[in-house]
Amino acid sequence: MSRPRILTMAAYPTISYGLRAAVESDPSLSYAGNISEWQALPDRLADESVQVILADIDWDADDLLDIGELAAIPPLLLLAEDVDSGYAALAAGFRGVLLRESAVEEIMAGIAGLLAGLAVTDPRILAPIRDVPASRERDLADVEALSPREIEVLDLIARGYPNKAIALELGISEHTVKFHVGSVLTKLDAASRSEAVAIAIRHGMVAI
């Protein structure tokens, strides 16, 4: 039986070397090389068989438009910079999301999960949604009303849009987006974007 081929994605050589070393630490896997930008992915996938993509690379909504539907490519395990960016990746449709600080053993387990047809998520990414204490949530009646623009921004946050993509979607500056995000966090008494989304979902303000 041929070994599953794992393609890596990293913009910098030091990161790509680390990802290659992780893949080659498992003799049951085959390293399929590295690409350094999202735009190169469609051509690379057309040239050879790849079972899983291991990516430690930044992304935005435009990158996903370049590659088409995530469901149409091999399962991709993304190493996210932090909890908020990890949640954004989940909302955008990535099947596998771990944090960049994950150990090699965790990354290998994530690849194995994707090869088995499972979704893979670092529990730390889901914790803000699952574990927002009731004491941290204001009663909806006590929350200062969000403006229509703030509701639009909150909805796009819930869909995984970063600030730059929100600005393009709404036709406003990135500085204005940051202002609206800060206002939303203050009004919802949320410590992070993912916590704001969790509170909003619980109160039926947005849906994902």
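Student: Which helix or strand gives the most to the lining of the largest pocket?
Tutor: Keep in mind that this is a predicted model. To read a lining, see which elements supply its residues. Here α4 gives the most, with four residues. Besides α4 (83–92), the elements that each supply at least two lining residues are β4 (76–80), α8 (163–170) and α10 (193–202).

Student: What is the volume of the largest pocket, and which residues lie nearest its centre?
Tutor: The volume is about 510 Å³. Of 23 lining residues, Trp59, Glu81, Ser85, Ala88 and Pro162 lie nearest the centre. By class, the lining has 10 nonpolar, four polar and nine charged residues.

Student: And the second largest pocket: how is its lining divided by class?
Tutor: Into nine nonpolar, three polar and four charged residues. The pocket's volume is about 370 Å³, and α3 (61–67) and α8 each supply at least two lining residues. The largest share, four residues, comes from α3.

Student: Now the core. Which residues have the most contacts inside the largest one?
Tutor: Met9, Trp38, Leu41, Trp59, Leu76, Phe94 and Ile166, in a core of 46 residues. Take Phe94: beyond four places away in sequence, its contacts include Trp38, Trp59 and Leu76.

Student: Last one: why does Asp122 count as buried?
Tutor: The cut-off is under 20% relative accessible area. Asp122 is at 4%, so it counts as buried. Asp122 sits in the loop between β6 (120–121) and α6 (123–130), and its side chain makes a 2.7 Å polar contact with that of Arg124.

Technical notes:
Residues numbered from 1 in each chain as written. Predicted model: local features only at pLDDT ≥ 70, side-chain atom pairs only at ≥ 80, totals over all residues. Heavy atoms only, no water. Core = buried A, V, L, I, M, F, W, Y, C linked by side-chain atoms within 4.5 Å. Buried < 20%, exposed > 50% of the residue type's maximum accessible area, 1.4 Å probe, protein only. Contact = heavy atoms within 4.5 Å. Polar contact = N/O pair within 3.5 Å; in protein donor to acceptor, adjacent residues only side chain to side chain. 1 Å grid on protein atoms, 1.4 Å probe; cavity = no way out; pocket = protein on both sides within 12 Å on 5 of 7 lines; lining within 4 Å. Points joined across faces, edges and corners; volume = space filled by probe spheres on them. Nonpolar A, V, L, I, M, F, W, Y, C, P; charged D, E, K, R; others polar.
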